Amino acid sequence: MPGLFFYNGLMMSTPKVKIRPINGDAEAWTCAEIMASSEPWLSYGRTREINFRTVTAPGAETHVAITDTGEIAGLVIIAMNVPLIRGYVMGLAVQATLRNRGVGTSLLTFAEERIFRESPNVFMCVSSFNEGAQRLYARLGFTKIGEITDFAVPGVHEHLLRKTLGPQSTFKRAT
């Protein structure tokens with residue numbers, strides 16, 4: 001059920017969303033456009049076409065948040081088998097008109113639940129300039145475990161984040 005909250009002094013409602021796997025090229029193109037109009041992809045010059053390849057990449061699991069009106073509110077892309085890492089959030093983006101209303105939190109919570117069934121760790125990166133995302137991830141319990149300097153473009157760093165249930169050696173997969 002949607003809730004109410006205040007953002008910049010305005011009362012706003014949290015849209016009710018259903019999260020499900022992406023369905024077809026039309027939805028993939030919509031997701032690619034959401035990414036292309038969002039940070040960090042704007043600053044990195046990532047086009048809709050490049051983002052489409054990311055959204056539809058083999059081995060990636062792309063899930064969309066759908067509003068009760070059928071609009072794609074956002075997406076999360078999960079990779080379960082990155083070398084040496086099991087459970088990496090490759091991308092998270094929310095439609096501009098629905099940001100700061102709980103959609104990103106819903107998508108990331110979904111991704112965590114999905115990953116924690118198979119791994120005790122969720123990993124992700126956040127750009128050094130993306131302060132809003134950094135605040136969200138910290139609020140949701142992610143901690144910075146490293147930094148990749150000058151990774152995507154000169155002068156911009158990626159913070160490697162982790163949220164954990166504990167060491168791999170004591171983890172028991174969900175049945």
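These legends describe close-up views of one predicted model. Local features need pLDDT of at least 70 and side-chain atom pairs count only at pLDDT 80 or more, while totals for chains, interfaces and linings use all residues. Residues are numbered from 1 along each chain as its sequence is written, and side-chain values use heavy atoms, with hydrogens and water left out.

**View 1**
Helices (H or I, at least four residues) and strands (E, at least two) are DSSP runs, numbered from the N terminus. Two strands pair if DSSP finds at least two bridges between them.

**View 2**
β8 and strand β9 (residues 158-164) run antiparallel and are joined by 5 bridges. Glu 147 stands opposite His 159 in β9. The loop between β8 and β9 holds Asp 150. Asp 150 is not a glycine, yet its phi is positive, about 50°. Its relative accessibility is 44%, so Asp 150 counts as partly exposed (buried means under 20% relative accessible area, exposed over 50%, partly exposed in between, with a 1.4 Å probe and protein chains only).

**View 1. The largest nonpolar core.**
This core has 24 residues. Val 89, Leu 108, Tyr 137 and Phe 142 have the most contacts inside it. A nonpolar core is a set of buried Ala, Val, Leu, Ile, Met, Phe, Trp, Tyr and Cys residues joined through side-chain atoms within 4.5 Å. Two or more residues come from each of β5 (72-79), β6 (88-94), α4 (103-116), β7 (121-127) and α5 (131-139). α4 gives the most, with 6 residues. Neighbours within four places in sequence aside, Val 89 is in contact (heavy atoms within 4.5 Å) with residues including Val 76, Leu 108, Ile 115 and Phe 123. A second, separate core of 14 residues includes Ile 34, Met 35, Phe 52 and Ile 72.

**View 2. A stacked aromatic pair.**
The whole structure holds 3 aromatic pairs. Rings of Phe, Tyr and Trp (its six-membered ring) pair if their centres lie within 6.5 Å; planes under 30 degrees apart count as stacked, over 60 as edge-to-face and the rest as tilted. Trp 29 and Phe 52 form a stacked pair, 4.0 Å centre to centre with 15° between the planes. Trp 29 lies in helix α1 and Phe 52 in helix α3 (residues 48-55), so the pair ties together parts 23 residues apart in sequence. Trp 29 is partly exposed, at 26% relative accessible area. Phe 52 is buried, at 14% relative accessibility.

**View 3. The buried face of α3.**
Asn 51, Phe 52, Thr 54 and Val 55 are buried in α3. Seen down the helix axis, the buried residues of α3 fall within an arc of 160°, so they line one face. The arc is that of the directions from the helix axis to the C-beta atoms. The cover over these residues includes α1, α2 (41-44), β4, β5 and β6.

A cis peptide bond joins Glu 39 and Pro 40, with omega about 5°. Ser 37 is partly exposed, with a relative accessible area of 34%. Neighbours within four places in sequence aside, Ser 37 is in contact with Leu 42 and Arg 99.

**View 4. Thr 67 in β4.**
Thr 67 lies in strand β4 (residues 60-67). At 9% relative accessibility, Thr 67 is buried. Residues up to four places away in sequence not counted, Thr 67 touches Lys 16, Val 17, Ala 73 and Leu 98.
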